[in-house]
Amino acid sequence: MKLFRRCQRILILALLCVSVFAPIVFVSQRLKNVMPTGREEFIEDLSNIKYRTDSVKLSVEQESSESLKEPRKVLYEDADLLSTVNYTRKEINVDKESGNVRDATDMLERTGDGIKYGSNKGDKQLQLREILTMSGEKKQLNKQDQNVHSQSGEVIDERIRQMKDVKPNRAVQHDQNAHLNLKKVTEKINEMKDQVIRAKAYLSFAPPGSKSSLVKELKLRIKEVERAIGGATKDSDLSRSALQRMRNMESSLSKASHTYPDCSSMSTKLRAMTQNAEEQVQSQKKQVSFLFNLAASTAPKGLHCLSMQLTAEYFALDSKERQFPNQKKLHDSKLYHYAVFSNNVLACTVVVNSTVSTALKPEKIVFHVVTDALNFPAISMWFLLNPPGKATIQVQSIDSFKWLSTKYNTRFRQNSSDPRYTSELNHLRFYLPYIFPALKKIVLFDHDVVVQKDLSRLWSVDMKGKVNGAVENCQESETSFLRMDTYINFSDPFVAKKFDANACTWAFGMNLFDLQEWRRKDLTKLYHKYLKMGYRRPLWVAGSLPLGWVTFYNQTVALDRRWHILGLGYDSDVVHADIDRAAVIHYDGIMKPWLDIAIARYKDYWRKYVNYDDSHLQQCNIHA
């Protein structure tokens with residue numbers, strides 16, 4: 001019996017030796033005797049050897065069988081490719097002249113354990129290339145090998161394209177996961193808030209003045225949970241005792257549910273509480289809106305102080321000292337004329353300083369500032385003390401236009417409680433040909449803009465026989481998008497017949513006007529007609545913008561969008577890259593850059609043109 005076992009062990013060892021060393025001897029013999037005529041047979045043998053496992057485990061059952069079974073061939077799935085392919089087809093160098101495939105080994109290593117292609121033959125050929133490359137042999141591949149490689153590259157390209165298509169979906173999935181994680185972070189806090197709401201609802205079911213133990217318990221639990229929540233914004237901010245208070249509240253709510261089992265009463269109460277909360281939210285929104293508009297329409301204390309100081313200094317000057325230099329340039333139509341209508345000293349300062357400082361030829365700039373009688377001394381004094389370099393400046397009062405009272409009849413002012421919409425200064429833009437009778441063209445700025453680039457090329461824009469050059473804002477993808485029917489009443493038959501609700505709108509803020517065409521077409525007369533019609537019946541909302549749309553209807557040429565960008569006066573999410581590319585940026589909206597309610601991330605574009613070291617600003621506590 002012992003002899004039989006020894007023989008059995010010797011036989012097993014012999015079989016192991018044969019299975020391990022026989023393939024090596026076979027390969028060495030084939031490598032010595034291989035000839036070109038035996039190439040196909042050689043390929044088949046090498047392929048068969050490649051798929052054998054590195055070690056063979058034999059058992060007593062295998063020993064008793066007639067022959068050894070061939071190990072299974074291990075192929076690799078396409079799913080492995082999706083997680084490991086990080087290169088393109090260009091990384092696989094193919095020599096078209098010799099047909100050699102380079103870096104096949106590197107390719108297999110980068111894809112993990114290998115790639116499963118369309119057929120077993122393709123696998124064999126690809127693995128053959130690996131062996132040939134590792135052995136340093138560079139033999140010419142036949143056309144069939146090149147086709148196999150081409151198909152393999154197409155598979156890789158297809159997988160890469162699929163990965164690119166999956167990326168947006170992964171981004172969406174990431175956002176959804178982030179939202180779910182946020183819910184998990186505040187899950188306990190939200191649950192505790194719900195408990196408080198339910199407890200208050202149950203308290204409302206108790207009779208008025210009730211001092212039952214349940215009422216006292218619920219009131220106590222409400223105080224405990226509210227104190228536990230405190231200023232916590234996420235579950236990790238909660239203390240350990242908060243969770244215990246949460247469990248105590250749940251126990252008290254369970255008692256209350258047995259005391260007041262009527263679900264319909266609870267549902268009615270919760271609806272009432274929800275409606276009451278919504279009414280409070282609406283009331284708060286109205287209050288916030290009112291306060292914002294109040295802040296926007298009220299002059300800050302610092303600006304009021306600045307105007308008072310400058311006004312006092314202006315009246316202390318002699319009449320000769322109040323004169324600006326280079327007044328002979330005011331009527332030269334060959335120069336670049338800019339106008340701004342404002343009653344704000346700092347706003348005018350930024351518009352003038354930014355335009356002059358960014359100009360390539362500031363000596364060709366003439367600035368016309370028009371203001372009301374109250375602020376005329378202050379604005380005049382400011383520019384007398386701070387002249388705009390080589391540029392020429394003129395400051396005028398609206399009261400000096402004696403003809404205006406005969407043309408702009410205050411009896412036909414628009415119905416609005418906001419003086420910004422009904423003031424003469426706001427509607428003065430429709431009288432530009434009368435204010436500047438000697439000029440051919442002029443650029444009109446709103447006082448809440450900043451000029452960032454030289455505007456000399458703007459004067460060579462082809463107006464195509466139109467009067468107004470403006471940037472359009474009729475792209476729905478932009479935050480500044482506006483439709484005609486936003487401000488104009490197209491339910492009126494006259495409006496519906498005269499204008500197209502889908503017509504492209506444009507913006508005031510930076511406009512190039514051809515005053516010669518304006519005079520020839522007498523658009524001011526048309527403006528008067530629409531102003532009177534709007535006074536008699538509600539055709540459009542108050543303000544100069546809807547009147548501008550109808551007055552310059554079919555008389556506006558679109559400027560390149562890079563000339564003028566809007567949206568910095570409200571939370572419009574304008575990106576800094578678009579702001580930096582724009583020639584003129586506009587703080588349209590109520591969050592003006594000189595107010596405390598201004599948007600902080602946009603304020604620096606405006607502040608850098610204000611000299612906060614000026615003694616007048618220092619005395620009035622106007623700081624950056």
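C620 counts as buried at 6% relative accessibility, where buried means under 20% relative accessible area, exposed over 50% and partly exposed in between (1.4 Å probe, protein chains only). This is a predicted model, in which local features need pLDDT of at least 70, side-chain atom pairs count only at pLDDT 80 or more, and totals for chains, interfaces and linings use all residues. Residues are numbered from 1 along each chain as its sequence is written, and side-chain values use heavy atoms, leaving out hydrogens and water.

How many disulfides does a search of the whole structure find? The search finds 2, a disulfide being a pair of cysteine sulfur atoms within 2.5 Å.

| Disulfide | S to S |
|---|---|
| C305 to C620 | 2.2 Å |
| C474 to C504 | 1.7 Å |

The torsion about the S-S bond of C305 and C620 is about -70 degrees, so this disulfide is left-handed. The link of C474 and C504 is left-handed too, with -65 degrees about its S-S bond. In sequence order, the bonded cysteines of the chain pair as 1-4, 2-3.

Now for the strands. Helices (H or I, at least four residues) and strands (E, at least two) are DSSP runs, numbered from the N terminus. Strand 2 (residues 365-371) has 7 of its 7 residues buried. Parallel to strand 2 runs strand 1 (residues 336-341), joined to it by 6 bridges; two strands pair if DSSP finds at least two bridges between them. Strand 2 also pairs in the parallel sense with strand 3 (residues 392-397), over 6 bridges, and T371 stands opposite S397 in strand 3.
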